[in-house]
Amino acid sequence: MKVSVYGSLVKGMHNHDYYLGKAKYVGEYYTTPDFTLYSLNSFPGLKKNGCTSIRMEVYDVSKIELKRIDSLEGYVKSNPNNHYERTIMKTPYGRAIGYEYNHSVKGLPVVSGGCWKQFKRLQKVDKHV
């Protein structure tokens, strides 16, 4: 099965190696401009009904890898209080499981440009200036 990731799980970010280091990388893409990405500090939250294209990476994962990712994302089937909810993402590589933030984003900073990795890189530069 495929997963589509956009935050701490993308290549070069802090959760990638542990959760997706052995998964098959399929490719990257930008979503249609229907989302907003919010900063939750050390990781982002994706919400539908926005106006930004989000940079995503797609991986083929095993059932065990998917279970680990579900745990990281705070997802349990049929739980209305999940941290993230699974959603189906339409990708150039076929349908993939994605994760949408399941809580209020009121007052949270928006990740302009839709790329978490670039946003974090710019934050590091700003701290050193």
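Biologist: Which residue in E7 is the bridge partner of Arg 86?

Modeller: Bear in mind that this is a predicted model, where local features need pLDDT of at least 70, side-chain atom pairs count only at pLDDT 80 or more, and totals for chains, interfaces and linings use all residues. Residues are numbered from 1 along each chain as its sequence is written, and side-chain values use heavy atoms, leaving out hydrogens and water. E6 and E7 pair in the antiparallel sense over eight bridges (pairing takes at least two DSSP bridges; strands are DSSP E runs of at least two residues, numbered from the N terminus). In E7, Arg 86 has as its bridge partner Tyr 99.

Biologist: Tyr 18 and Tyr 19 form an aromatic pair, but what is the angle between the planes?

Modeller: A search of the whole structure finds four aromatic pairs (ring centres within 6.5 Å; planes under 30 degrees apart are stacked, over 60 edge-to-face, the rest tilted). Tyr 18 and Tyr 19 sit 4.8 Å apart centre to centre. Their pair counts as edge-to-face, since the planes are at 80°.

Biologist: Is Tyr 19 buried or exposed?

Modeller: Buried means under 20% relative accessible area, exposed over 50%, and partly exposed in between (1.4 Å probe, protein chains only). Tyr 18, at 58%, is exposed. Tyr 19 has a relative accessible area of 15%, so it is buried.

Methods:
Phe/Tyr/Trp six-rings, centres within 6.5 Å; stacked < 30°, edge-to-face > 60°. Helix = DSSP H or I, 4+ residues; strand = E, 2+ residues; numbered from the N terminus.
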